[in-house]
Amino acid sequence: MYPFEYHNPTKIIFGEGTVGRVGGEARNWGRKALFLYGRNSIKANGVYDQAVASLRQSGVNYVEHPGVKSNPVLSHTRQGVEIVKKERLELIVAVGGGSVIDEAKAIAAGAVVEHDVWDFFTQKATVKDALPIVTVLTLPATGSEMNGGLVITHDETREKFGFAAGPLHPRASILDPTTTYTVPPDYVAYSAADSMTHLLESYFTHNDPWAPIQDRYVEGLVRTIMEATEKILADPRDSQGRATMMWAATLAWNRLANAGVGPFELPNHMMEHPLSGLYDLAHGAGLSIVLPAWMQWSARQRPARFARFARQVFDIRCDDDAEAARRGIEALRAWFNKIGTPTTFAQGRIPAEDIPKIADEAIKLGKLWGITRYTPEMLHEIYRLCV
């Protein structure tokens, strides 16, 4: 196990009926908030009314900034920054999924500086301070409710860039499983693919020869996410399935899974961001396309690692590592198809002839993230396995 430091300052409030605590948590950090949310879903399911009532009862005034897209964009982020500065707001209350929370983080960082918020994404500037953020999670997938990471798409260039910074951890996040009862089946599936990929990035790319804590943590959570997803798809109001999925997705990307594994990379996120950036595809849908293809390509170099995944997650019984790996990858692809998330470019309506353009965007992002071992030729080969 490698040396590491772990500090996660986010307070988690988990359980049914906890949305009403958002006002009290927000009041700990200010009296004037930007109330950030998406479009109509939180109004349709009653979460909006609960949050507004709680803020008012707690004496927190707010300015609404609705309209966050499922792939949050820079223009809407910049508008939020302008509102915060003009109204001299003190904190951000984000009610929604990872996209809303990601944009809240960008606004929180941009509101305390004079330069453009996009400078953080291109590494022209670093985040040293940010406004406090309080969240109500309504779509478990990204783990943004308990980490300092975020992703934003540039409207004009379609570049989808991300970064992480300590000051961007939410101060408190409310996880009420009842807010997820109306999440439709396709987004349940996308969320599963998203949270599973978060776990598998470090699992497949770290080089520690013996990491039993982290490996079993990942394997156990992946199996749990799969079980919870199937329960939810069978019964959308399965309270245990919804609660389990909500907490598992948070645990998937709060840095516990990779604490102590040493250096690792995010190749699947590097390769997916161009898909959702260029084609406005749901992030989880893009990951379910890329992940099995990348695994198929990578298993040629490290069959034993992928064979372990096959045996521990899918109970594959085969002594030959290469064959076990192949069966495990096919089992994952089949499971993605079963739950209704795409596994090919055709299913995601991505033109195969755009592979060179997609690869160029991935190379650009890889340079920002320090992932430089993937050549255009390698990426072309992986993307062709997605066709």
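This report walks through a predicted model of one protein chain, from its overall build to a few single residues.

Local features are described at a pLDDT of at least 70 and side-chain atom pairs at a pLDDT of 80 or more, while totals for chains, interfaces and linings use all residues. Residues are numbered from 1 along each chain as its sequence is written, and side-chain values use heavy atoms, with hydrogens and water left out.

## The chain as a whole

Let us begin with the overall build. The chain has 15 helices and eight strands; helices (H or I, at least four residues) and strands (E, at least two) are DSSP runs, numbered from the N terminus. Its radius of gyration is 20 Å, close to the 21 Å that the globule rule gives for 387 residues, so the chain is as compact as a globular protein of that length. Here the radius is taken over C-alpha atoms, and the rule is 2.2 Å times the number of residues to the power 0.38. The C-alpha trace spans about 65 × 45 × 45 Å along its principal axes.

How much of the chain is buried? Buried residues make up 59% of the 387 residues. The word buried means under 20% relative accessible area, exposed means over 50%, and partly exposed lies in between (1.4 Å probe, protein chains only). The chain exposes about 15700 Å², of which carbon and sulfur atoms supply 51%; these areas come from the Shrake-Rupley method with a 1.4 Å probe, and for residues only the protein chains shown count as cover.

Contacts (heavy atoms within 4.5 Å) come next. Among those in the chain with a separation of 6 or more, 78% are between residues 24 or more positions apart.

As for charge, there are 41 positive and 44 negative side chains, and the centres of the two sets lie 3 Å apart. Lys and Arg count as positive and Asp and Glu as negative, without His and the chain ends; each charge is placed at NZ of Lys, CZ of Arg, CG of Asp or CD of Glu.

## Aromatic pairs

The structure holds 19 aromatic pairs. Rings of Phe, Tyr and Trp (its six-membered ring) pair if their centres lie within 6.5 Å; planes under 30 degrees apart count as stacked, over 60 as edge-to-face and the rest as tilted. One of the pairs is formed by Phe 35 and Tyr 37, which is tilted, with 5.1 Å centre to centre and 50° between the planes. Both Phe 35 and Tyr 37 are buried.

In another pair, the rings of Phe 204 and Phe 309 have centres 5.5 Å apart and planes at 65°, so this pair is edge-to-face. The pair links distant parts of the chain: Phe 204 belongs to helix 7 (residues 185-205) and Phe 309 to helix 12 (residues 303-314), 105 residues apart. Phe 204 and Phe 309 are buried.

The table lists the relative accessibility of several residues.

| Residue | Relative accessible area | Class |
|---|---|---|
| Asn 61 | 53% | exposed |
| Gln 123 | 53% | exposed |
| Asp 280 | 37% | partly exposed |
| Arg 333 | 14% | buried |
| Ser 191 | 4% | buried |

Asn 61 lies in strand 3 (residues 61-65). Not counting residues up to four places away in sequence, Asn 61 touches Arg 31, Lys 32 and Ala 33. Most residues other than glycine have a negative phi. Gln 123, in the loop between helix 6 (118-121) and strand 5 (133-139), has a positive phi near 65°. Asp 280, in the loop between helix 10 (267-279) and helix 11 (283-298), has a positive phi near 55°.

Which residues does buried Arg 333 contact, leaving aside its neighbours within four places in sequence? They are Pro 292, Ala 293, Gln 296 and Thr 343. Arg 333 itself is in helix 13 (residues 321-339).

Ser 191 lies in helix 7. Leaving aside its neighbours within four places in sequence, Ser 191 is in contact with Leu 139, Pro 140, Ala 141 and Met 245. Ser 191 and His 283 are 92 residues apart in sequence and 8.7 Å apart in space, C-alpha to C-alpha.

Finally, Trp 253 is found in the loop between helix 9 (239-252) and helix 10. Beyond its neighbours within four places in sequence, Trp 253 has contacts that include Thr 142, Gly 143 and His 198.
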